[in-house]
Amino acid sequence: MKKSAKHKEASVPKHEAKEMHHAEPDHHTSTQQPSKKKLIITIAVIAVLAVGLLWLVLGKGASTVGKPILAKVNGEPIYKNEVETLVLQAQQQGIPLSENQVLEQMIAKKLLLQEAKKEKVNIDEAAVDKYIEDLKALLAQPIEPLLGRMGITEEEFRRQIREQLIVTALLADKQQAERTITDDEIKVFYEANEEYFVATEKVRASHILVKTEEEAKEIVKQLEGGADFAKLAKENSIDPSAKTNGGDLGFFGQGQMVPEFEKTAFALDVDERSAPVKSQFGYHIILLREKRKAGKLSLEEAKEDIRKLLQEQKTKENVKIYVQGLLSKAKVERFTVEEKE
């Protein structure tokens with residue numbers, strides 16, 4: 001491996017890291033909900049975690065004609081087979097949900113879509129296109145074969161995405177916390193959860209990802225000739241985030257990257273660049289930027305992570321109150337399968 005010139009141009013991102021491993025925060029604020037690890041990693045379960053609600057918006061499956069109805073929301077039915085399909089899909093993704101949990105989520109989702117219609121909230125096709133393109137980049141594979149295996153048409157998938165975006169737009173204002181998180185609140189949280197702020201050894205690295213070894217070797221030659229690492233990443237890397245972050249993956253610890261990438265990154269010295277490294281994603285050229293030793297994070301180091309976590313909790317509370325308000329005014333009927341609808 002050869003030394004490179006010292007580069008300081010990249011910002012701190014988090015995109016490819018989420019693509020290559022189960023993402024986690026830089027600091028161990030483990031009180032965050034475990035479901036965060038499934039954020040847009042799969043099409044089978046679409047989660048709007050920012051509002052604290054799990055929206056399962058998969059295809060409707062078999063025809064609902066003559067099927068039992070489990071609930072009606074202002075007259076709109078929710079069918080038993082829809083709920084069963086969603087429970088099964090969630091279980092396949094390692095999310096154990098009961099029929100009742102899924103039913104309650106579907107009731108809340110219907111209410112929000114009804115409210116969005118009243119408020120004339122709409123999403124244009126360009127927004128749906130962008131969401132799908134971003135999802136393709138995160139999955140690093142075509143969506144169509146996955147939809148085929150799940151029995152979902154592209155038209156139905158677009159409808160699902162549109163509904164998700166409509167709900168997100170409706171809740172945009174409701175999500176805003178009305179008060180600032182104070183330093184005293186942050187200190188109280190830190191002192192009550194000190195075990196979460198014991199940091200493992202981490203490194204910060206940038207990379208350029210290309211499809212072939214020949215491309216990687218050509219980029220190495222350009223770097224040896226004095227080319228700017230971040231500039232080459234923006235121009236050549238197939239990691240979508242490189243266009244904005246110059247290939248900077250931010251800090252990550254052991255077990256977060258694919259093995260080939262991780263082994264090489266942790267073996268490098270600061271400002272050292274690797275030879276091309278092959279992984280399931282292609283060929284990486286890795287530049288190590290910083291190393292952070294294991295140890296406990298100070299209150300000052302953890303402050304911003306705690307602030308974001310507490311703000312997010314407040315956001316979820318606001319949305320929960322809003323949804324409860326809609327429920328209190330709605331006509332929601334629940335049935336057992338023996339009852340007639």
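Helix H3 (residues 99–118) and helix H6 (residues 154–171) approach each other to within 9 Å between their axes and cross at roughly 70°. The two helices are therefore roughly perpendicular, a class that covers angles of 65 to 115 degrees, with under 35 degrees counted as roughly parallel, over 145 as roughly antiparallel and the rest as oblique. The model is predicted: local features need pLDDT of at least 70, side-chain atom pairs count only at pLDDT 80 or more, and totals for chains, interfaces and linings use all residues. Residues are numbered from 1 along each chain as its sequence is written, and side-chain values use heavy atoms, with hydrogens and water left out.

**Helix packing**
- Axes are lines fitted to C-alpha atoms, for helices over the stretch in contact, and angles run from 0 to 180 degrees between N-to-C directions.
- On the H3 side, Lys109, Leu112, Leu113, Glu115 and Ala116 meet Glu163, Ile166, Val167, Leu170 and Leu171 of H6, where contact means heavy atoms within 4.5 Å.
- The contact of H3 with H6 comprises seven nonpolar, no polar and three charged residues (Ala, Val, Leu, Ile, Met, Phe, Trp, Tyr, Cys and Pro count as nonpolar, Asp, Glu, Lys and Arg as charged, and the others, Gly among them, as polar).

**Aromatic rings**
- Four aromatic pairs occur in the structure; rings of Phe, Tyr and Trp (its six-membered ring) pair if their centres lie within 6.5 Å, and planes under 30 degrees apart count as stacked, over 60 as edge-to-face and the rest as tilted.
- Phe189 and Phe197 are paired edge-to-face, at 6.4 Å centre to centre and 75° between the planes.
- Tyr190 and Phe197 form a tilted pair, with 5.2 Å between centres and 35° between the planes.
- Phe189 is buried at 13% relative accessible area, Tyr190 is buried at 8% and Phe197 is buried at 0% (buried means under 20% relative accessible area, exposed over 50%, partly exposed in between; 1.4 Å probe, protein chains only).
- The charged end of Arg292 lies over the ring of Phe251, 3.9 Å from the ring centre; the criterion is NZ of Lys or CZ of Arg within 6 Å of the ring centre and within 35 degrees of the ring normal.

**Overall fold**
- The protein chain contains twelve helices and eleven strands, taken as DSSP runs numbered from the N terminus (helices H or I, at least four residues; strands E, at least two).
- Of the 341 residues in the protein chain, 47% are buried.
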